[in-house]
Amino acid sequence: MITKNFYSSELKRIAIRIEVDQEMIMIHFKDTGTGIGREHWESVFNPFLSLKPEGMGLGLPYVKKIIIEHLGNIRIVESSAEGTHFQIEIPQNGILNMD
């Protein structure tokens, strides 16, 4: 588990779990932030959209761009007032199975 202090004095936690099968690597990130409303689950990956007063809205779009360049995907699995669960999927062999 990785612990990092973010924008306030409140301690936030990020748990990272990795699953590997024959085709995909799945990386799960679960934080203890304030959550993201379901209506923003897709739009948080758009540039210049920030739900924080100090944000520029470039972090998640940049992450998504890098993951797509590796033929992967990122999505929000779950989010509530207790935090958000992101899942990244990347093909293990650098190619996607189109079946």
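Colleague: Is E69 buried or exposed?
Modeller: The scale is relative accessible area: buried is under 20%, exposed is over 50%, and partly exposed is in between, with a 1.4 Å probe and protein chains only. E69 has a relative accessible area of 52%, so E69 is exposed. This is a predicted model, in which local features need pLDDT of at least 70 and side-chain atom pairs count only at pLDDT 80 or more, while totals for chains, interfaces and linings use all residues. Residues are numbered from 1 along each chain as its sequence is written, and side-chain values use heavy atoms, with hydrogens and water left out.

Colleague: Which residue meets the side chain of E69 in a salt bridge?
Modeller: A salt bridge needs a side-chain nitrogen of Lys or Arg within 4 Å of a carboxyl oxygen of Asp or Glu. For E69 the partner is K65, at 2.3 Å from N to O. K65 is partly exposed because its relative accessible area is 45%. Both residues lie in helix α1, four residues apart, or about one turn of the helix.

Colleague: How many salt bridges does a search of the whole structure find?
Modeller: The search finds two.

Colleague: Why is strand β5 largely enclosed by the rest of the structure?
Modeller: β5 covers residues 83-91, and seven of its nine residues are buried, so the strand is largely enclosed.

Colleague: In what sense do β4 and β5 pair?
Modeller: Two strands pair if DSSP finds at least two bridges between them. Strand β4 (residues 73-80) pairs with β5 in the antiparallel sense, over seven bridges. The two strands form a hairpin with two residues between them. Within this pairing, N73 stands opposite E89 and I76 stands opposite F86. Strand β3 (residues 24-31) also pairs with β5 in the antiparallel sense over seven bridges; there, K30 has H85 as its bridge partner.

Colleague: To what does the count of aromatic pairs come?
Modeller: Rings of Phe, Tyr and Trp (its six-membered ring) pair if their centres lie within 6.5 Å; planes under 30 degrees apart count as stacked, over 60 as edge-to-face and the rest as tilted. That rule gives one aromatic pair. F45 and F86 form it edge-to-face, with 6.5 Å centre to centre and 85° between the planes. The pair links distant parts of the chain, 41 residues apart: F45 is in the loop between β3 and α1 (59-69), and F86 is in β5. F45 counts as buried because its relative accessibility is 8%, and F86 counts as buried because its value is 11%.

Colleague: Which charged end sits over the ring of F45?
Modeller: A charge sits over a ring if NZ of Lys or CZ of Arg is within 6 Å of the ring centre and within 35 degrees of the ring normal. For F45 the residue is K64, with its charged end 4.9 Å from the ring centre. Likewise, the charged end of R38 sits over the ring of W41, 4.2 Å from the centre.

Colleague: Which residues make the nonpolar surface patch?
Modeller: Patches take residues with over 30% relative accessible area and no salt bridge: like charges are joined within 9 Å, nonpolar side chains (Val, Leu, Ile, Met, Phe, Trp, Tyr) within 5 Å. Areas come from the Shrake-Rupley method with a 1.4 Å probe, and for residues only the protein chains shown count as cover. I16, I18 and V20 make a patch of about 280 Å². I16 lies in strand β2 (residues 11-20), and its relative accessible area is 40%, so I16 is partly exposed. In a regular strand the side chains alternate between the two faces of the sheet.

Colleague: What is phi of L71 near?
Modeller: Most residues other than glycine have a negative phi. Phi of L71 is near 65°, a positive value in a residue other than glycine. L71 lies in the loop between α1 and β4 and, with a relative accessible area of 37%, is partly exposed.
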